[in-house]
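Colleague: Can you take me through this one? I would like to start with the overall layout and then ask about single residues.

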Amino acid sequence: MRATAKTPLRLLGGLTGLGLAALVGPIGLTSPAMARTAFDVVFDSGIAGTSFYNTGVKGRMSFDFRKDPGNGNTYTLDLGITNTSPASGPSSGTLVGFAFNEPLRSNGSEAISLLSYNPLDSGFGRVFGGVNNTTSQQRSRGVRVNEDEWLTITGSATAPYAPFSNFDFCARMSSSNGCHGGSGSTGIGGGSTVKVQFKLQSNDSNIATADQVAERFYNLFNAFDPGDSWSKAQIALRYQNVKKANGRTESGGEKVTGAAFWRIPDEGPTDAVPGPLPVLGAAAAFGWSRKMRHRIRLSSARSSTES
């Protein structure tokens, strides 16, 4: 299920005893704020209600947005994909695919559209979703895009990704059974990082800077709380060759969703003079998907203590 923009009511409601002025006061509605154009989505399948098998594999997707020069509404997304699981042993696995949705406007149309995709040298050269009129082989194995080449995203077709709902875009290194299935013979091992690129377009006059683009994706990805219906997840990673926390192999691999965290401070302005932090952005920073973010922090703290 695709999520539209949320109102601040749910975000503010959970902050007992805090009025709006108290919430945004420390940030400041009158003093300039640094433009925030980058965030990380953290995945931890050890957190109950975020993954299908609860194996403990972990990952991170790092989103960096910048506005293209000379064009008023196109942007570049530099996306880093990291397998933060151990290289071997319990809670290890091979990261073989990633998927996410585009933000929508309140009328259900795309607020931001993916225009094209470049796998660079990542190996994520099998694309599902975003390309219409595919052959049966392309639907099972993906539309092939070569290293350092751009694939135009022209269609509205989506990628099946059970148990989650279909995603607007999904990429894998190899597959013979769609984005959510297939073989785990190739992928990212524990401790490894790759990068890919996207070209984006804003379809909303209220989204005119890189930080506004970043905020819309940030809010979208934080629409899920642990225990929600899988259909509410807006971003996911796919693992195979997975070892569970007890060291036994999980034949089904793993599928896990995550939560976004701003990568601050000192991001600095990019394509525009930074202005006041929007109220919705302030609410999102403190309240959005609070259960999910809290559990990820606790899990990270435990991992640091144990190591």
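This is a predicted model: local features need pLDDT of at least 70, side-chain atom pairs count only at pLDDT 80 or more; totals for chains, interfaces and linings use all residues.

Colleague: Fine. How many helices and strands does the protein come to?

Modeller: There are six helices and 17 strands.

Colleague: And what share of the residues counts as buried?

Modeller: Of the 307 residues, 50% are buried. As for contacts between residues at least 6 apart in sequence, 74% of them join residues at least 24 apart.

Colleague: Now the open sheet. What is the strand order?

Modeller: The sheet has seven strands in the order S8-S5-S12-S3-S2-S1-S17, and the pairing is antiparallel.

Colleague: Which ones are the edge strands?

Modeller: Strand S8 (151-152) and strand S17 (258-262), each of which pairs on one side only.

Colleague: How many bridges are there between S1 and S2?

Modeller: Seven bridges, with S1 covering residues 38-44 and S2 covering residues 58-67, in the antiparallel sense. Within S2, Gly 59 is the residue that stands opposite Phe 43.

Colleague: Let's move to helix H4. What span should it have, and what does the model give?

Modeller: H4 runs over residues 210-221, which is twelve residues, so at 1.5 Å a residue it should span 16 Å. Its end C-alpha atoms are 17 Å apart, and that agrees.

Colleague: Why call H4 largely enclosed by the rest of the structure?

Modeller: Because ten of its twelve residues are buried. Among them are Val 213, Phe 217, Tyr 218, Leu 220 and Phe 221, and the buried set also includes Glu 215, Arg 216 and Asn 219.

Colleague: What about the largest nonpolar core, which residues have the most contacts inside it?

Modeller: That core has 48 residues, and the ones with the most contacts inside it are Phe 39, Phe 98, Phe 100, Tyr 117 and Phe 198. H4 gives the most to this core, with seven residues. Apart from it lies another core, of eleven residues, including Ala 99, Ala 159, Tyr 161 and Cys 170.

Colleague: What does Phe 98 touch, away from its sequence neighbours?

Modeller: Leaving out residues up to four places away in sequence, Phe 98 touches a list that includes Met 61, Leu 79, Ile 81, Tyr 117, Phe 124, Phe 169, Cys 170 and Phe 198.

Colleague: Rings next. How many aromatic pairs are found in the whole structure?

Modeller: The search gives 26 aromatic pairs. One of the pairs is Phe 39 with Phe 65, which is tilted, at 6.1 Å centre to centre and 40 degrees between the planes. Phe 39 is in strand S1 and Phe 65 in strand S2, so this pair ties together parts 26 residues apart in sequence. Phe 39 and Phe 65 are both buried.

Colleague: And why is the pair of Phe 98 and Phe 124 edge-to-face?

Modeller: Because the planes of the two rings are at 80 degrees, with the centres 5.2 Å apart, and planes over 60 degrees apart count as edge-to-face. Phe 98 lies in strand S4 and Phe 124 in the loop between strand S5 (112-118) and S6, so here too parts 26 residues apart in sequence are tied together. Phe 98 and Phe 124 are both buried.

Colleague: Changing topic: which cysteines does the disulfide join?

Modeller: Cys 170 and Cys 179, with an S to S distance of 1.4 Å. The count for the structure is one disulfide. The angle about the S-S bond is -40 degrees, and the link is left-handed. Both cysteines are buried.

Colleague: Where is Val 127 found?

Modeller: In strand S6 (residues 126-128). Val 127 has a relative accessible area of 2%, so it is buried. Not counting residues up to four places away in sequence, it touches Tyr 117, Gly 142, Val 143, Val 145, Leu 151, Phe 169 and Cys 170.

Colleague: Last one, Ser 92. Is that buried or exposed?

Modeller: Buried, because its relative accessible area is 5%, and the cut-off is under 20%. Ser 92 lies in the loop between strand S3 (74-83) and strand S4 (94-100). Leaving aside neighbours within four places in sequence, its contacts include Val 57, Ser 85, Pro 86, Asn 241 and Lys 243.

Technical notes:
Residues are numbered from 1 along each chain as its sequence is written. Side-chain values use heavy atoms; hydrogens and water are left out. A disulfide is a pair of cysteine sulfur atoms within 2.5 Å. Buried means under 20% relative accessible area, exposed over 50%, partly exposed in between (1.4 Å probe, protein chains only). Helices (H or I, at least four residues) and strands (E, at least two) are DSSP runs, numbered from the N terminus. Contact means heavy atoms within 4.5 Å. Two strands pair if DSSP finds at least two bridges between them. The expected span of a helix is 1.5 Å times one less than its number of residues. A nonpolar core is a set of buried Ala, Val, Leu, Ile, Met, Phe, Trp, Tyr and Cys residues joined through side-chain atoms within 4.5 Å. Rings of Phe, Tyr and Trp (its six-membered ring) pair if their centres lie within 6.5 Å; planes under 30 degrees apart count as stacked, over 60 as edge-to-face and the rest as tilted.
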